[in-house]
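Subject: Handing over the two-chain model

Hi,

Here is the structure I promised to pass on to you.

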2 protein chains.
Amino acid sequence: MIEITPFLNPSTSEPLYMQLYSYIKKEIQHGKIEPGMKLPSKRKLSIHLRISQHTVETAYQQLIAEGYVESKPRKGLYVNSIHEDIFPNNTPLPKVVKRESLVQNNHYKIDFSHGKVALENFPYSVWRKLTVQGLHDDQLFFNGDRQGELTLRGEIAKYLYQSRGVRCSAEQIVIGAGTQYLIGLLTMVIGRDSIYSMEDPGFHRTRVAFKDQGVTLKAIPLDEEGINLEQLKNSKANVTYVTPSHQFPNGIVMPIARRLDLLKWAAESNGFIIEDDYDGEFRYKGKPIPSLQGLDPNGRVIYLGTFSKSLIPSLRISFMVLPKEILASYQSHFTIYKQTVSRLHQYTLYEFMKNGHWDRHLNKMRTTYRKKQKTLIQLIDEYFGNNVIMIGDDSGLHILLNVRNEMSEQELINAAAEKEVKIYPTSIYYENYIHDLAPKVLLGFAGLMDNEIKQGIQLLKEAWF
Amino acid sequence: MIEITPFLNPSTSEPLYMQLYSYIKKEIQHGKIEPGMKLPSKRKLSIHLRISQHTVETAYQQLIAEGYVESKPRKGLYVNSIHEDIFPNNTPLPKVVKRESLVQNNHYKIDFSHGKVALENFPYSVWRKLTVQGLHDDQLFFNGDRQGELTLRGEIAKYLYQSRGVRCSAEQIVIGAGTQYLIGLLTMVIGRDSIYSMEDPGFHRTRVAFKDQGVTLKAIPLDEEGINLEQLKNSKANVTYVTPSHQFPNGIVMPIARRLDLLKWAAESNGFIIEDDYDGEFRYKGKPIPSLQGLDPNGRVIYLGTFSKSLIPSLRISFMVLPKEILASYQSHFTIYKQTVSRLHQYTLYEFMKNGHWDRHLNKMRTTYRKKQKTLIQLIDEYFGNNVIMIGDDSGLHILLNVRNEMSEQELINAAAEKEVKIYPTSIYYENYIHDLAPKVLLGFAGLMDNEIKQGIQLLKEAWF
């Protein structure tokens, strides 16, 4: 048995048992108290150090719990063997470092981002009121339905039917924190052995999400009506991802004949179509075209939607509508995955929809974006004339500009950046990009005010012509 | 050219262009206007129907947009060929159906669930105040940092250092909507070609998440100190998932020697340890044992934590701390994934932590859970005596009961259910379950009040003995 004589200071704020525990631990770590040694009994040490047995007991308990010593029945406490050489030295806490990306956009005057939305007309006070209402309901702090709140799913089903021609019940809707998350979940539910395909060009975030899932992904070129069906058939894919309401990035609205042909492909090949209707709410000519889902009598369409464009991006509320076959697979194997969206936000959105605020907001946003798009188009006509061709201006929150001044895509972006205007490439959306003599750049307008749009176009004229 | 003579009713609320568009669309669908036919010019039809050219134009635009007709330059509008046979009949909107699972727990008087938490002491008014404060900041409605808000990550880093001995900077922390989501992200970041492994028994949700990612997952048995190192070495796995602070479900607190040996394995094999510290905050004897991450000088530990147990389950805020090598992979390839947690909730949590509410709340919860656990243990002693053995009562929000009355696990659960008490199996946590003669059942206590715990134990006595 060893003697332990630490210096215990009763006048500091550190409790005696902690001082005793720390002392013995350090002695063990430094090898001064060696493996196999027996510690003094509680009684003996308490007498020796003139402290209570309880203090010694507490320190010993901690040493036992951390594995430094071991209690052998009817024998006493023995020091365990540890590898003190791999103990970390007490390096100071690393400092907080800012990432580059956090500040990268700061030097632009005008940013034609397509990820922004207009919140100048957002009904903040209603949203706040409904949020606070939810915060008074304890139940919303506990986990809810894995698939998403049934009440919210009911409202979404109603909205989709009226506005997008989607025919579904609340039962078929799965809520999730963003489209990328849902794509990940979908590959599990559909299965990793399926052959996936998507439009080329298409959303790069979606392409990456499929690829990171480790599934086979074929790139299917577009023709002027959308995804090319011959190529889709040749690819042997049985799942395909499309953006028929407003092809991203090219803005093609898939005509009815192509829609029906695509549905026919799915029915005949037992395939599935993933229809991403990311900004289908915003259409500027006539009423919205019915979704593929609404045209499909055979249950071959998975419909994806989001509130990120139409409501609040940072809420992270997206959803998918599963056809029967896929729903059965989801419900039998995948409800083990917890819901990823805050239940409180789901409640707020439900109340917002139920009480008619959503319809009013959406109508207001349609007007807002129609005006902004009109301003943008008029300015482009006025300033650029025949030097550019506008693409994809039927709907959505961005347009493409085919710029004919012999600059490459990168040169266009660089020249704009020199005038402190940020515009976006389209080449990144291609799996197989062919160097384009008349490159297309992307301009989003949702987050800009009219005067900003004007300033941006003026600066782009200086930059390009 | 065809003649079109619809009945247009100017006294209904439906605009004339809609009536005209619907009429022509229906005629095309029913084959009355046939593919290849030419539509009358705007001018002619407007005179014929005595409506404005603008009305005709709008109706035609919609038909073009939807692909029913096609504009041939200098020739006019021609009807396209469509497959009217696959048009869906106008089936009524499916009704909302309730899932079984929504009502499955309703017939229990007492539910010893381990997913519940105690919110009776939650500082609701502070949380509401901070939430409302955030709702006044427009910026929080836009997307934030992909990795999570830097301010919140800074607070988490501080907390982890002080409370769990985790040494990291805010830079190393990635926030995400739940542990299952983060496991999915991790398999991408670490790579699908790695060989994964985890404790057996272990969290079944985690096991499923790995398996659904399509990676190889080896089950490593436990011995009395936690994951068995010999078996881990033999498995050839290079990534292993463990719960060292409170093994789930067995409750083993991994002693220091095993921790150091595990770290040695990782250092020598260039492997990674995923340390899930899901309820490490709640330890009832002495102070918490330092995390593996804090003991690791070699950057081989990925630390997972969550606010679901310690704060609010439905917020869906979890996080991981990445070592350098993994962080580099994340930042170069995976910041394309948008943040899945609401930025507003991140802000509220940041303010909550920064202003000391988190520390106070956690201390209160430690006391609350200590009391509840003490109540549970005393009642078990009193009512069951030597008929049961308690396992894993050093920490956490659940205990295991090894019941010795010759009932099987299922019989124990069924007998409890007959008394309207819900208890939980442990066999589901095993990859390789060996039928146990003295089965272990799981009792969570966090969501129950003292009188409920008492009633539950009394009923279990009636059920089992």
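Predicted model: local features only at pLDDT ≥ 70, side-chain atom pairs only at ≥ 80, totals over all residues.

**The interface**

Let me start with where chain A and chain B meet. The contact involves 100 residues from chain A and 100 residues from chain B. About 8,900 Å² is buried between the two chains, and carbon and sulfur atoms account for 62% of that area. On the side of chain A that touches chain B, the residues divide into 52 nonpolar, 25 polar and 23 charged. How many salt bridges cross between chain A and chain B? The rule finds zero. Polar contacts are there, though: 24 residue pairs between chain A and chain B are counted, with both residues at pLDDT 80 or more.

**Two residues of chain A that touch chain B**

A:Y181 sits in helix α6 of chain A, which covers residues 179–190. With a relative accessible area of 14%, A:Y181 is under the 20% cut-off and so counts as buried. Leaving out residues up to four places away in sequence, A:Y181 touches A:G176, A:Y337, A:K338, A:T340 and, on the other chain, B:Y181.

A:R343 is in helix α12 of chain A (residues 343–354). A:R343 is buried as well, with a relative accessible area of 14%. With residues up to four places away in sequence again not counted, A:R343 touches A:Q139, A:L140, A:F142, A:N143, A:G144, A:E149 and B:S314.

**Helix α7 in chain B**

In chain B, helix α7 spans residues 204–212, and its buried residues are B:H204, B:T206, B:R207, B:A209, B:F210 and B:D212. What do these buried residues pack against? One partner is α6 of chain A, and the others belong to chain B: α6 (179–190), β5 (195–200), β6 (216–223), β8 (239–242) and β9 (272–276). After α7 of chain B comes B:G214, which has a positive phi near 80°.

**Aromatic pairs**

Over all chains, the rule gives 43 aromatic pairs. One of them joins A:F210 and A:Y241, with ring centres 6.2 Å apart; the planes are at 75°, so the pair is edge-to-face. This pair links distant parts of the chain, since A:F210 belongs to helix α7 (residues 204–212) and A:Y241 to strand β8 (residues 239–242) of chain A, 31 residues apart. A:F210 is buried at 1% relative accessibility, and A:Y241 is buried at 0%.

There is also a cluster for you to look at: ring pairs link A:F122, A:Y124, A:W127, A:F352 and B:F141.

**Salt bridges**

The salt-bridge count over all chains is 28. In one of these, the side chains of A:R207 and A:E431 meet at 3.4 Å, N to O. A:R207 is in helix α7 of chain A, while A:E431 is in the loop between β15 (424–425) and β16 (440–444) of chain A, 224 residues apart. A:R207 counts as buried at 7% relative accessibility, whereas A:E431 counts as partly exposed at 32%.

A:E431 also forms a salt bridge with A:K211, at 2.9 Å, N to O. Because A:E431 is in the loop between β15 and β16 and A:K211 is in helix α7 of chain A, this pair ties together parts that are 220 residues apart in sequence. A:K211 is partly exposed, at 40% relative accessibility. A:D200, A:R207, A:K211 and A:E431 are linked in a network of salt bridges.

In chain B, the side chains of B:E225 and B:R258 meet in a salt bridge of 3.4 Å, N to O. B:E225 is in the loop between β6 and β7 (226–227) and B:R258 in helix α9 (residues 256–269) of chain B, 33 residues apart. B:E225 counts as partly exposed at 29% relative accessibility, whereas B:R258 is buried at 11%.

Methods
Residues numbered from 1 in each chain as written. Chains lettered and ligands numbered in written order. Heavy atoms only, no water. Contact = heavy atoms within 4.5 Å. Buried area = accessible area lost by both parts, 1.4 Å probe. Salt bridge = Lys/Arg side-chain N within 4 Å of Asp/Glu carboxyl O. Polar contact = N/O pair within 3.5 Å; in protein donor to acceptor, adjacent residues only side chain to side chain. Nonpolar A, V, L, I, M, F, W, Y, C, P; charged D, E, K, R; others polar. Helix = DSSP H or I, 4+ residues; strand = E, 2+ residues; numbered from the N terminus. Buried < 20%, exposed > 50% of the residue type's maximum accessible area, 1.4 Å probe, protein only. Phe/Tyr/Trp six-rings, centres within 6.5 Å; stacked < 30°, edge-to-face > 60°.
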